[in-house]
Structure formats: structure tokens, C-alpha cells
Amino acid sequence: MTFLILAYIAGVLTIVSPCILPVLPFVLARADRPFLKNGLPMLLGMALAFTGVATLAAVGGGWAVQANEYGRFAALSLLAVFALTLMFPELADRLARPLVALGARIAESSDGGTLKDRAFVSSLVLGAATGLLWAPCAGPVLGLILTGAAIQGANVGTSLLLLAYAGGAATSLALSLLVGGRVYALLRRSLGISQWARRGMGAAVLAGVALIATGLDTGLLSQLSLNSTSRIEQKLVDVLKPQDIAVKPAMGNTVTETAASAPEAAPRAASLVAAKLATPGATAVAHEATFAPLAGASGWINSSALAGADLRGKVVLVDFWTYSCINCLRTLPYIRAWADKYRDAGLVVIGVHSPEFAFEKNEDKVRRAVKDLGITYPVAVDSRHAIWRGFENQAWPALYFVDAQGRVRHRVFGEGDYEASERFIQKLLAENGKVTRGGGLVAVQGEGVQAAPGDRVMSGETYVGHERAVNFVPAGGLQADRPHGYEAAASLQLNHWTLGGEWTVQAERAAASRAGARLAYRFRARDLHLVMGREDGAAPVRFRVLVDGRPPGKVHGTDVAADGGGVIDAHKLYQLVRLPGSAGDHLFEIEFLDPGAHVYAFTFG
């Protein structure tokens, strides 16, 4: 319920975002009509169409994108005709003649009935067309909704969240429509400009259609927008903390949950009620219930498929991770060390690779990452997020500590808290009668991208795809799913970024359409990473990095040379900057010397 309310509030806030401006003329064109029969059904159609399209975009494949393009073309055509009927009443009369004739025939065959609902239906259709064209600025709330949809799959909850968001936008538009109707009525009574007002609104609708069709809408209208609502949304997310969404806990924000420690107590299990059974004969049932989601793995690495029967009498640590997640990578040195130290004492570590980005669903890429990262314990490939859903997981990384009786006793979301986690492993092993060699804790020193984060990190993960992009300059200026030439901003504030050259910005990534495409970000952190890749089978993509306008030199990351040169040869997280400390702001710039680079997200440490 909390997330529904948050989604609704975020929708209401869209009235002050730049992305609402292109569709305002479509809505206000109905200001001179009765609200219940015209404005209300139009907003209803807009909300329903947006909900359907957004759900398909989040969980569908290429066919959904193609269908949406056809829908956009039909919607633009319909709204263009609507604009012309406002401007030229005689055209409206001609177009209405077939409907009038149809109404007469229906009236004759239905005891004098008339098409009283024609205004309602026509407004509903126009609203649906508007919903197909509306592309709201994806702030933190909408980004969380769409991420959850992609991970959880199509479900009623996702659709309700999207509908709540659209309902909030419709509410604010309804207020605008009511105010616009009163203004229109006042002008009509005082100045008698009814016909000219309709023609002016028709011209505005036609201009809106032209802007959207040519892709100029966000680039031009963003200059007229008020301040971005992203900061307001993020504060609401931080305060309300909605559950059941996929997140990466911020550095230092580790979340732990521990069940009662006594073996006979009913712990908080991750999924099925049977896993909570604590009676003497229930151990086998508990194992089967707790580990039943493992059957959803699409493949296994370093092991044959594991099930509850294979894990009886073992203490099990389940680690949800994904190979381009910096938080997950920084956790891996500890996971590997625990797996090695406590293997003989009966600890089984299972990595569950649940992808965030589409490229991470490729099992060959996952196998390569597992090998490159030195992971030798079993890894379940969870490309369909079946195990994620079975455990009701909420974050990357997430650790689940399962005792020898098959019960989830402890959970940790996020990186950090390693000493307490290891002591809990020792506790579970001791309860199982196992003596661990060496009573102390592992000594871990992560290298490269797996190194512990620096102090005073003031920059957070930033997505480049239009679904979750924030702090782009100019605000609202991203062109969704079409090639566009960007002019890089002359200056950037902290944690803002910009594009230069020709890019195609898709839902979860930006693709460099031509050589010379550029990307810049002003950050404050010790390390800067960029999740990047290229088309499978394509040639490597060369790039050049600058830090504060110069080659990085001694502050180059592990994936770039001192002169700033580097190559994208795989989909992964690239460490591009490693400063001696994190004090002060720095300007990061990267230029791609070849076309075809795919850029997904910035992360920092």
C-alpha cells in the first residue's frame, strides 16, 4: 500500500516536469466540453493506455517495442486529424456525417435510441492515443516500478503500481482541465472568441503532434520546465521505504534480519510456510521447502543441480548477486574466503546470479564472469528470476544464512557487516556440532573493482537508460529509442551528466551510434566505474578517458591506461578512475573512438 501511495504522488508531480508539456494541448483541447463526458474519459483512456504500454515495455521483447511504434504512429495520425477538426469546423462536419448516418440507423432499430455515448467513446479513444504518446520523465519512483516489473515479471501488482502512477498524473491533469474549462468559459462570455480559441487549440495540438513525431519535444520543451521532481521523489522513497522492490542498498546502509537463534524456534523463512516447521521430524520437509526455488535455475556453474536433499545437514549461505553490480563485486572476496575456510566444516555457499541488465541473462557471459572472478563454489543461473521470486528477495547483494535443519536464520541486504556475518556462520556451524579451524576471522583485501569503497563518497549509482535516468543535463532532454545528436553541456553540477555526439538512448542503456560520441559526469568519490559492452560478435570499441580535462595518469583505473586509452571487449563493469582519495569534485569524460559502445550505468566507490 505504501508503494501504491508513493506511485500516485509521483504521478501527481509529473504536472511540473518537462515531459508532460507535449501532451498538455491534447488534454486542454477538451476544456470547452463537459468534464464528465469528455475530460474524464479522456484521462481514463490515457491512464489505461499508458499502463498497458509501460507493462509491455518492461516485460516484453522486441515485438513489444515494434508494436508500440505502430501504436505511436496511429496515435499521431488520430490526434493530427483531431487537431484539423478543431481548426476547420467544415472538416469536422464531413467526418461526422458517417457517424450521424450510423446513429440514425441504430436509432431506427433500437426504439428511438441515440448515440448519447459518442462523446464519451471518442474522448476515451483520444485519451488512449495520448497515453501511447506520453513518455513521462522517469524519476526514481517510476524507475523502481519498471525495474520491479522487469524482475518480477508481468503481474497484477506491477500493473496496479503503473496505474496508480498514471492515476496521479491524470489527477493533476484533471485539475488543469477544470481550470482551463473555467478560463475558456470566461473568455467566451466576455470576448466571444469561442471559434478562434478552438482554432488556436487545434494549432497547439498539431504543433504537439509535429514535435513528438520529429523528436524535438523533449529537447525544446525541457528549457521551459520547472525544477526536476527527482529530488522530491528520492526523498519520499527514503522516508517511506516501500518494500518489495529491487534495490541496491547504498554503501554503509547494510540491512540485517535475524530469526530467533534457538534451534527449536520458528525462524523467518524466505518463502514457504513449511520451511518454518521446527518439529523433530520436519528437517527434510524444511530443506525441501526452503530450497525448492533452486529448481527454477536455468543452469548451474561449478556444480550439478542442487536441491534440498543434497543440502541436508549442511549450513548453507545463499548469495544473490549479478556480475556488473559493484556492491556485489566488493562482497565477493569475503564470500570466496568463507567458502574456502569453512568448506570442511560443512558450509555450502551457493551463488544465485539474478541479472539486472538484459546482457546478464546470457549464460555464456555469466560463465565467463564466474571464471574471471575466481568463483569456484556452485552458482545457480537465475536468468528468469525464479529463485529471486521464490526467496522473495529484494536487493543485490543479499545473503541468506540457512541452518543445518533447513531454516533461514539470518539475512543481510547490501555490502558490509562482514564480521557479524562470519560470526553468524561460525554460530550455525557450532550448533551443527562442527568445529571450525582457526577461531578468528578471515583477512580479506579486495583488489581492483573488488576493493572496499573509499571515504566520503558523495556520488551514487546513476543509470544511463531513459527508464531510470536522473540528473541528465538538460533535464528531460533524453530522446527515447531513436538516434539523436546531443550537444554536451558546457558545465555540470555535482552528480549531473551529459551526452555529446550521436546516441540512441534505450530503456536500460545508451548506444553510441557513431564514432566520437562522448559522455561526461561530475563526481566525488575515489573510484569511478562504468558498466559497458558492445554488440555480440562486433569488433572491440576503443575509448579515451579524461579526468579534469587531462589524461588520468596515475589516477587511471584497472581497465584504462595512464594515457586514458582503453577497449570495450565484453559486457562488464569497467574501473576507469582510481583517485588517491575522494575529496573534491572531479570531471570525468569519455569519448568512444568507434561506434557501437553500450553504456548502462555509473557506479562509485
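Accessible areas are computed here by the Shrake-Rupley method with a 1.4 Å probe, and for residues only the protein chains shown count as cover. On that basis, the chain has an accessible surface of about 26,300 Å², of which 59% belongs to carbon and sulfur atoms. The structure is a predicted model, in which local features need pLDDT of at least 70 and side-chain atom pairs count only at pLDDT 80 or more, while totals for chains, interfaces and linings use all residues. Residues are numbered from 1 along each chain as its sequence is written, and side-chain values use heavy atoms, with hydrogens and water left out.

The chain holds 16 helices and 18 strands; these are DSSP runs numbered from the N terminus, with helices being H or I over at least four residues and strands being E over at least two. Of its 605 residues, 50% count as buried, where buried means under 20% relative accessible area, exposed means over 50%, and partly exposed lies in between (1.4 Å probe, protein chains only).

The interior comes next. In soluble globular proteins, nonpolar side chains tend to be buried together. A nonpolar core is a set of buried Ala, Val, Leu, Ile, Met, Phe, Trp, Tyr and Cys residues joined through side-chain atoms within 4.5 Å. The largest one has 67 residues, and those with the most contacts inside it are L317, F320, W321, W338, L347 and I350. Helix α13 (residues 326–342) provides the largest share of this core, with 10 residues. Apart from it lies another core, of 38 residues, including A469, L499, F543 and F592.

Leaving aside residues up to four places away in sequence, its contacts include W388, F391, W396 and P397. The last two of these, W396 and P397, are joined by a cis peptide bond with omega of about -20°. P397 sits in the loop between α15 (386–390) and β6 (398–402), and E392 has its place in the loop between α15 and β6 as well. E392 is not a glycine, yet its phi is positive, about 55°.

Most residues other than glycine have a negative phi, and most peptide bonds are trans. A cis bond also runs from V473 to P474, with omega near 0°; P474 belongs to the loop between β8 (462–463) and β9 (483–486). N302, in the loop between β2 (299–301) and β3 (315–321), is a residue other than glycine with a positive phi, near 70°. N302 counts as partly exposed because its relative accessible area is 43%.

Helix α16 (residues 418–431) has 14 residues and spans 20 Å from its first C-alpha to its last, close to the 20 Å expected at 1.5 Å a residue; the expected span is 1.5 Å times one less than the number of residues. Its buried residues include Y418, F424, I425 and L429. After α16 comes G433, with a positive phi near 80°.

Helices α3 (35–59), α6 (118–133) and α8 (156–191) each supply at least two residues of the patch. L44 lies in α3 and counts as partly exposed because its relative accessibility is 42%.

Terms used
Contact = heavy atoms within 4.5 Å.
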